[in-house]
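Please look over the model below alongside these notes. They are arranged as numbered points, each on one part of the fold or of the contact between the chains.

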Amino acid sequence: MLLLKLAYRNIFRQRRRSLLTALSLAGGYILCVFSFSLSEGSYSNAISFFILDHTGHIQIHLDDYRLRPKIHKTIDDPQGLSELLDANEEIESHTLRVFAPAIAYSEKDNSPAQVIGVALERERSTSTLAAKITAGEYIDNALDAEGYYSAMIGAGIANSLNIGLGDELILISQGADGSIANDIFIVKAIVGNRASPDRTTVFLPLTAAQEFLSMYGSVHEVSILLKDDGEARVQAAVLQDQLPELTVDPWQIVESTFYQSMQADKQGNNFFMGFIVFIVFVGVLNTVLMSVLERTREFGVLKAIGSRPLKIALMITLETGLLASLSLVAGILVSLPLIAWFTFLGIELAEPMDVGGIMMSHLTGELSLFVFGMPLLFIIGFALLISIPAGLRAARISPTEAMRSN
Amino acid sequence: MSGVISTTDVCRYFGDDEETMVKAVDRVSIEIVRGEFATIVGPSGSGKTTLLHLLGGLDNPTSGSVELSGTNIAAMSGAVLSDFRRDHIGFIFQSYNLIPVFSAEENIEYIMLLQGVEASERKRRVTDMLQQVGLEGLGDRRPNKLSGGQQQRVAVARAMVSHPEIILADEPTANLDSKTGIALLDLMKELNENHNMTFVFSTHDEKIMNRASRLIHLHDGEVDLDERK
């Protein structure tokens with residue numbers, strides 16, 4: 001206790017210098033927290049956007065369908081798979097999809113299109129497809145009076161074919177059995193805008209797409225939404241063990257290019273943060289060394305009256321740690337409301353940004369233990385580290401030489 | 001009377017070159033017995049402070065041995081030597097050398113904290129020491145709020161509170177005015193007589209010499225004369 005008291009009082013011996021050091025430490029911490037919050041928030045938003053847009057946390061395919069899609073690489077018992085996934089408590093929801101390239105026709109024009117058959121109700125609870133509808137309404141499985149299924153089409157196709165709600169859309173593709181697939185669908189909704197990734201997509205009810213493509217109840221993809229964002233890799237591994245005949249990939253693999261870019265960017269960000277912390281700690285090191293130099297005589301006396309060298313080194317570490325801790329408390333008090341504002345309100349963008357068909361109007365951060373805890377541990381760790389050479393210097397002081405100094 | 005500390009042919013030379021080597025202490029063999037109020041005297045540069053540092057284990061001799069209660073402290077180093085100093089030797093320095101951020105009480109208490117003395121016992125001893133050195137009511141003051149004499153009294157209390165076998169005082173009155181110096185010496189003499197505490201001074205202050213029971217005269221690092229009164 002007395003040592004702690006000594007450390008505390010020593011910090012306030014040179015108030016102005018300690019205050020400046022504390023300011024630089026707190027400033028460095030706030031900068032780190034803000035940067036982490038921005039980085040984590042941006043990536044978290046981006047991950048949420050594409051996970052909810054289409055990827056999900058986990059995807060299941062047959063073999064290498066994800067890399068080399070072929071219409072015949074199908075999951076043939078989606079019903080059984082759905083029952084297994086529905087029983088899994090880690091899974092929030094899942095959806096079934098089929099994919100096929102097609103040519104879309106109107107009375108006057110044609111356009112290439114990507115047909116996606118979706119299990120409508122499951123899709124609604126797994127992805128943001130329903131939220132991306134800009135005109136019309138989410139379709140159902142029912143046939144209309146003339147025996148046609150409904151379709152939701154990307155704004156790009158609607159524009160190319162010059163069609164709108166209620167118009168007929170003709171699709172021609174190749175069936176899984178090698179036959180020519182062709183059918184008429186009624187446009188019930190427009191999805192996204194002309195710049196959206198979905199602009200050339202035609203969404204059909206799953207059963208309609210399976211009939212159209214002669215797929216007889218099979219699907220190409222199962223997309224899974226987990227309850228816990230951070231469990232994708234673990235749950236993917238668990239499911240892979242349960243489904244050895246299928247290929248189960250977490251989003252980090254499905255979106256590997258994005259994931260690797262994100263990791264590289266985060267490492268760059270960490271390097272930048274490290275550089276800032278390094279600059280801050282050059283100042284802190286200077287303060288600690290100055291403090292030791294000024295108190296050479298005192299350390300000599302402490303050693304003379306029986307303080308062990310290690311105790312003196314510990315005292316320096318305690319002082320540095322205490323100064324860093326007080327600075328961090330101040331840093332947390334300042335950064336907490338700042339990050340809370342940044343997370344819950346965010347910075348309004350000059351122009352709203354289209355992310356996967358969803359308009360993002362604010363740049364937001366992340367408020368998490370990681371954002372506050374990581375820089376805290378880093379700064380405390382670094383502070384204790386740089387106190388070691390200063391502490392060793394103090395511990396090695398010869399009492400006779402120290403007491404000769406002023 | 002039993003010997004508390006003794007040196008045998010202890011030498012402390014500075015420098016390696018034979019021509020420029022300074023023999024601060026040269027082949028000194030002395031024995032200080034329990035309860036002595038001994039003084040090492042001599043002109044400036046005679047080696048008084050160096051000898052005192054060797055006696056206290058603050059410096060290592062070039063050769064020879066320094067034994068405190070039968071233990072050769074010249075062979076000790078690091079934490080072992082620190083612990084030995086803490087438990088067996090009290091120091092009083094010319095310029096008081098109190099810890100400026102501690103109060104008088106805390107300065108006295110610190111050494112007991114190093115010894116692991118319990119809080120209640122520390123408090124009792126601090127109160128007792130403050131009373132003995134005449135600083136009752138001033139325990140919460142920091143050194144900069146005490147006069148030179150009061151600071152040196154705190155230093156005396158700090159040196160004594162751990163019940164060391166010997167107290168080494170390096171020119172303790174040098175920074176004090178005559179009246180304060182005499183008062184401090186009287187205090188130390190009283191403690192010496194009442195508690196049979198062993199004191200060794202290095203000084204050229206006649207006031208100390210007059211009160212000393214033994215004068216060890218040093219000249220050029222060698223004992224010139226060792227007289228008991």
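**Notes on the predicted model**

1. In strand 10 of chain B, Arg214(B) is the bridge partner of Ala38(B). Helices (H or I, at least four residues) and strands (E, at least two) are taken as DSSP runs and numbered from the N terminus. Strand 4 (residues 37–41) of chain B and strand 10 (residues 214–219) of chain B run parallel and are joined by four bridges, where a pair of strands requires that DSSP find at least two bridges between them.

2. As to the basis of these notes, this is a predicted model, in which local features need pLDDT of at least 70 and side-chain atom pairs count only at pLDDT 80 or more, while totals for chains, interfaces and linings use all residues. Residues are numbered from 1 along each chain as its sequence is written, and chains are lettered from A and ligands numbered from 1 in the order in which they are written.

3. The open sheet of chain B has six strands in the order 7-8-9-4-10-11, with mixed pairing. Strand 7 (89–92) and strand 11 (222–228) of chain B each have a single partner strand and stand at the edges, so one side of each is left without a neighbour in the sheet. On average, neighbouring strands of this sheet are turned by 15 degrees against each other, direction ignored. Helix 1 (residues 48–55) of chain B packs on the sheet, where it touches strand 4, strand 8 (166–170), strand 9 (198–203) and strand 10 of chain B; contact here means that C-beta atoms, placed from the backbone, lie within 7 Å. The direction of this helix makes about 150 degrees with that of strand 9 of chain B, angles running from 0 to 180 degrees between N-to-C directions, with axes fitted to C-alpha atoms, for helices over the stretch in contact.

4. Helix 5 (residues 148–160) of chain B and helix 6 (residues 178–195) of chain B pack at an angle of about 20 degrees, with their axes 10 Å apart. That makes helix 5 of chain B roughly parallel to helix 6 of chain B; angles under 35 degrees count as roughly parallel, over 145 as roughly antiparallel, 65 to 115 as roughly perpendicular and the rest as oblique.

5. In chain A, helix 1 (residues 2–11) and helix 11 (residues 309–344) pack at an angle of about 60 degrees, with their axes 9 Å apart, and are therefore oblique to each other. Among the residues of helix 1 of chain A that meet helix 11 of chain A are Leu3(A), Leu6(A) and Ile11(A).

6. At the contact between the chains, 21 residues of chain B are in contact with 18 residues of chain A. Helix 2 (78–88) and helix 3 (104–115) of chain B are the elements that give two or more residues to the side of chain B that touches chain A. The buried residues of helix 2 of chain B are Leu81(B), Ser82(B), Arg85(B), Arg86(B) and His88(B), a residue being buried if 20 or more other C-beta atoms lie within 10 Å of its own, exposed if 12 or fewer, and partly exposed in between. These buried residues pack against helix 10 (296–304) and helix 11 of chain A, together with strand 5 (63–68), strand 7 and helix 3 of chain B.

7. Ile190(A) lies in strand 7 (residues 180–191) of chain A and counts as buried, with 22 C-beta neighbours inside 10 Å. Not counting residues up to four places away in sequence, Ile190(A) touches Thr134(A), Ala135(A), Gly136(A), Ile153(A), Ala155(A) and Ala158(A).

Notes: Two residues are in contact if their C-beta atoms, placed from the backbone, lie within 7 Å.
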